[in-house]
Amino acid sequence: EEQKIKTAQILHDLDKEHYGKLITLVLNFSEFKASVEAFTNYYYSNPQKPFCETFINPKLKILLENFTDAVNHEKLSHLNSETLV
(Lines give C-alpha, C1' and ligand atoms only; values in the text may rest on other atoms or scores of the structure.)
Protein backbone atom coordinates (compact mmCIF):
# COMPACT_ATOMS: atom_id res chain seq x y z
CA GLU A 1 0.00 0.00 0.00
CA GLU A 2 2.89 2.31 0.81
CA GLN A 3 4.42 1.77 -2.62
CA LYS A 4 1.06 2.42 -4.28
CA ILE A 5 0.80 5.80 -2.53
CA LYS A 6 4.37 6.72 -3.48
CA THR A 7 3.75 5.67 -7.07
CA ALA A 8 0.57 7.74 -7.27
CA GLN A 9 2.51 10.78 -6.02
CA ILE A 10 5.27 10.25 -8.57
CA LEU A 11 2.73 9.95 -11.38
CA HIS A 12 0.96 13.08 -10.15
CA ASP A 13 4.25 15.00 -10.16
CA LEU A 14 5.09 13.75 -13.65
CA ASP A 15 1.65 14.81 -14.89
CA LYS A 16 2.31 18.37 -13.73
CA GLU A 17 5.86 18.34 -15.07
CA HIS A 18 4.80 17.22 -18.56
CA TYR A 19 1.53 19.16 -18.80
CA GLY A 20 -0.45 16.11 -19.76
CA LYS A 21 -2.34 13.19 -18.40
CA LEU A 22 -0.26 10.07 -18.09
CA ILE A 23 -2.14 6.94 -18.96
CA THR A 24 -0.73 4.66 -16.34
CA LEU A 25 -2.57 2.24 -14.14
CA VAL A 26 -1.05 1.20 -10.83
CA LEU A 27 -2.12 -2.31 -9.95
CA ASN A 28 -1.85 -4.17 -6.70
CA PHE A 29 0.68 -6.95 -6.71
CA SER A 30 -1.03 -10.30 -6.36
CA GLU A 31 1.53 -12.94 -7.21
CA PHE A 32 4.71 -13.59 -9.12
CA LYS A 33 4.60 -16.02 -12.02
CA ALA A 34 7.79 -17.22 -13.61
CA SER A 35 8.10 -16.84 -17.35
CA VAL A 36 7.41 -19.70 -19.68
CA GLU A 37 10.61 -21.74 -20.12
CA ALA A 38 10.92 -20.64 -23.76
CA PHE A 39 11.38 -17.01 -22.59
CA THR A 40 13.65 -17.68 -19.62
CA ASN A 41 17.15 -16.46 -20.51
CA TYR A 42 15.87 -15.86 -24.04
CA TYR A 43 18.64 -13.42 -24.89
CA TYR A 44 21.44 -15.77 -23.86
CA SER A 45 19.88 -18.61 -25.83
CA ASN A 46 19.01 -16.54 -28.91
CA PRO A 47 21.29 -13.49 -29.16
CA GLN A 48 21.13 -13.41 -32.96
CA LYS A 49 17.32 -13.46 -33.19
CA PRO A 50 15.70 -10.31 -34.65
CA PHE A 51 14.11 -9.31 -31.33
CA CYS A 52 17.46 -9.38 -29.57
CA GLU A 53 19.25 -7.53 -32.34
CA THR A 54 16.50 -4.93 -32.66
CA PHE A 55 15.60 -4.24 -29.05
CA ILE A 56 18.16 -5.64 -26.63
CA ASN A 57 21.49 -4.99 -28.35
CA PRO A 58 20.88 -1.22 -28.74
CA LYS A 59 20.15 -1.00 -25.01
CA LEU A 60 23.25 -3.03 -24.21
CA LYS A 61 25.27 -0.68 -26.38
CA ILE A 62 24.09 2.27 -24.28
CA LEU A 63 24.92 0.41 -21.08
CA LEU A 64 28.38 -0.47 -22.35
CA GLU A 65 29.06 3.10 -23.50
CA ASN A 66 27.83 4.82 -20.35
CA PHE A 67 28.09 2.32 -17.52
CA THR A 68 30.85 -0.04 -18.53
CA ASP A 69 32.03 -0.43 -14.92
CA ALA A 70 28.60 -1.74 -13.88
CA VAL A 71 28.28 -4.27 -16.71
CA ASN A 72 29.07 -7.95 -16.27
CA HIS A 73 31.28 -8.35 -19.34
CA GLU A 74 31.47 -12.12 -18.94
CA LYS A 75 27.76 -12.38 -19.68
CA LEU A 76 28.26 -10.35 -22.84
CA SER A 77 31.29 -12.19 -24.17
CA HIS A 78 29.27 -13.34 -27.20
CA LEU A 79 28.99 -9.72 -28.37
CA ASN A 80 31.44 -8.10 -30.70
CA SER A 81 31.71 -4.57 -32.07
CA GLU A 82 29.61 -5.39 -35.15
CA THR A 83 26.78 -6.73 -33.00
CA LEU A 84 26.47 -3.44 -31.16
CA VAL A 85 26.73 -1.07 -34.12
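Q: In what order do the elements of the protein run from the N terminus on?
A: Elements are DSSP runs: helices are H or I of at least four residues, strands are E of at least two, and both are numbered from the N terminus. Here the order is α-α-α. The protein has 3 helices and 0 strands. This is a predicted model, where local features need pLDDT of at least 70, side-chain atom pairs count only at pLDDT 80 or more, and totals for chains, interfaces and linings use all residues. Residues are numbered from 1 along each chain as its sequence is written, and side-chain values use heavy atoms, leaving out hydrogens and water.

Q: How many aromatic pairs does a search of the whole structure find?
A: A pair of aromatic rings is described by the distance of the centres and the angle of the planes. Rings of Phe, Tyr and Trp (its six-membered ring) pair if their centres lie within 6.5 Å; planes under 30 degrees apart are stacked, over 60 edge-to-face, the rest tilted. The search finds 2 pairs. Y43 and Y44 have ring centres 5.8 Å apart and planes at 75°, so they are edge-to-face. F51 and F55 have centres 5.1 Å apart and planes at 40°, so that pair is tilted.

Q: Where do F51 and F55 lie?
A: Both are in helix 3 (residues 50-66). They are 4 residues apart, so about one helical turn separates them.

Q: Is Y43 buried or exposed?
A: Buried means under 20% relative accessible area, exposed over 50%, partly exposed in between (1.4 Å probe, protein chains only). Y43 has 9%, so it counts as buried. F51 has 45% and is partly exposed. F55 is partly exposed too, at 46%.

Q: Which residues form the largest nonpolar core?
A: In soluble globular proteins, nonpolar side chains tend to be buried together. A nonpolar core is a set of buried Ala, Val, Leu, Ile, Met, Phe, Trp, Tyr and Cys residues joined through side-chain atoms within 4.5 Å. The largest one here has 6 residues: Y43, C52, L60, V71, L76 and L79.

Q: What joins the side chains of N57 and Y43?
A: A polar contact is a pair of N or O atoms within 3.5 Å; within protein, one must be able to donate a hydrogen and the other to accept it, and residues adjacent in sequence count only if both atoms are side-chain atoms. Such a contact, of 2.6 Å, joins N57 and Y43. N57 lies in helix 3. N57 is buried, with a relative accessible area of 3%.
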